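Subject: A structure for you to look at

Hello,

Here is the structure I promised to pass on.

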Amino acid sequence: MLNDLEFDSKNFPTIIVNDGSVQTLTDAEAWAADNKAQIKKELANTGAVLFRGFPITDAMSYDDFFSAFGYENFTYKESLSNAVRINHTERVFTANEAPKNIEIYLHNEMAQTPFYPNIISLFCESAAEKGGETILCRSDLIYEKLHSKEPELTEKLEQDRGEIHYPHAFD
Ligand SMILES: [Fe+2]
C-alpha cells in the first residue's frame with residue numbers, strides 16, 4: 001500500500017487505500033504502528049494523508065487507529081478555544097456543532113486559539129448524502145503565491161494579525 005509514496009510535496013493529499021490486507025481494527029492498529037515512520041515522512045512532505053477503506057467505524061475505533069501513530073495527545077480543552085464541540089473520546093471530538101444548514105467556509109483549523117496542535121486528524125463517521133465535503137488546502141502555498149504577487153498586502157496582514165476577529169456565524 002505504501003509502495004507508491006513519493007515523498008513529494010506535489011502530491012496533496014497523499015491517498016492511501018486499503019488493499020484488503022487490513023481487515024480488522026487490530027490489523028489497522030498494527031499496520032499503523034508498523035508503518036508510522038514512512039507515513040509521517042510522507043505527511044511531512046505533502047501536508048496531508050487521506051486513508052480510505054480501513055475498518056474504522058466510529059470514534060472509539062478511530063481513537064485506537066490514530067493512537068497507533070504515537071502522536072502526543074492535544075485535547076481541545078488545551079487549545080483554550082470557546083467553540084462548542086463534543087468529546088467522544090479523549091482524542092476524538094466533533095468538528096463543530098453548527099446546524100446542518102450552516103456552511104463552514106475554508107479556514108485554518110484552530111487559528112483562533114492561542115495553542116494549537118501540530119497535527120490535525122479528521123474522521124467522517126457518517127457522510128452527508130449531499131454536500132458535507134471537507135476541503136483541504138495548503139495555506140502555506142497560498143501564502144507564498146499571495147506574497148509573491150502582493151507583498152505589501154501580506155506584510156500588512158502580518159502587521160495587523162492581532163486585529164483579526166472571528167465572528168460566530170451561528171450564535
Ligand atoms: Fe474547523
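Below is what I found in it, going from the overall layout to some details.

Please keep in mind that this is a predicted model. The protein chain has 171 residues, and 9% of them count as buried. Its C-alpha atoms fill a box of roughly 50 × 35 × 35 Å along the principal axes. You will find 4 helices and 2 strands, and from the N terminus on they follow the order β-α-β-α-α-α. If you take the contacts between residues at least 6 apart in sequence, 72% of them join residues at least 24 apart.

Strand 1, helix 1 (residues 25-46) and strand 2 form a right-handed β-α-β unit. How do the two strands pair, and over how many bridges? Strand 1 runs parallel to strand 2 (residues 49-52), with 4 bridges between them. Across this pairing, Ile 15 stands opposite Leu 50 of strand 2.

Now look along strand 1 itself, residues 14-17. In a regular strand, side chains alternate between the two faces of the sheet.

In soluble globular proteins, nonpolar side chains tend to be buried together. The largest nonpolar core in this model has 9 residues: Val 22, Ala 28, Trp 31, Ala 32, Ile 56, Tyr 62, Phe 65, Phe 66 and Val 92. Helix 1 and helix 2 (59-67) are the elements that give two or more residues to this core.

Most residues other than glycine have a negative phi, and most peptide bonds are trans. Where does this chain depart from that? Phe 7 has a positive phi, near 50°, and it sits in the segment before strand 1. Is Phe 7 buried or partly exposed? Phe 7 counts as partly exposed because it has 13 C-beta neighbours inside 10 Å. The peptide bond from Phe 12 to Pro 13 is cis, with omega near -10°, and Pro 13 too is found in the segment before strand 1.

Best wishes

Conventions
Residues numbered from 1 in each chain as written. Predicted model: local features only at pLDDT ≥ 70, side-chain atom pairs only at ≥ 80, totals over all residues. Buried ≥ 20, exposed ≤ 12 C-beta atoms within 10 Å, placed from the backbone. Pairing = 2+ DSSP bridges. Right-handed = clockwise from strand over helix to strand, strands pointing away. Contact = placed C-beta atoms within 7 Å. Core = buried A, V, L, I, M, F, W, Y, C linked by C-beta atoms within 7 Å.
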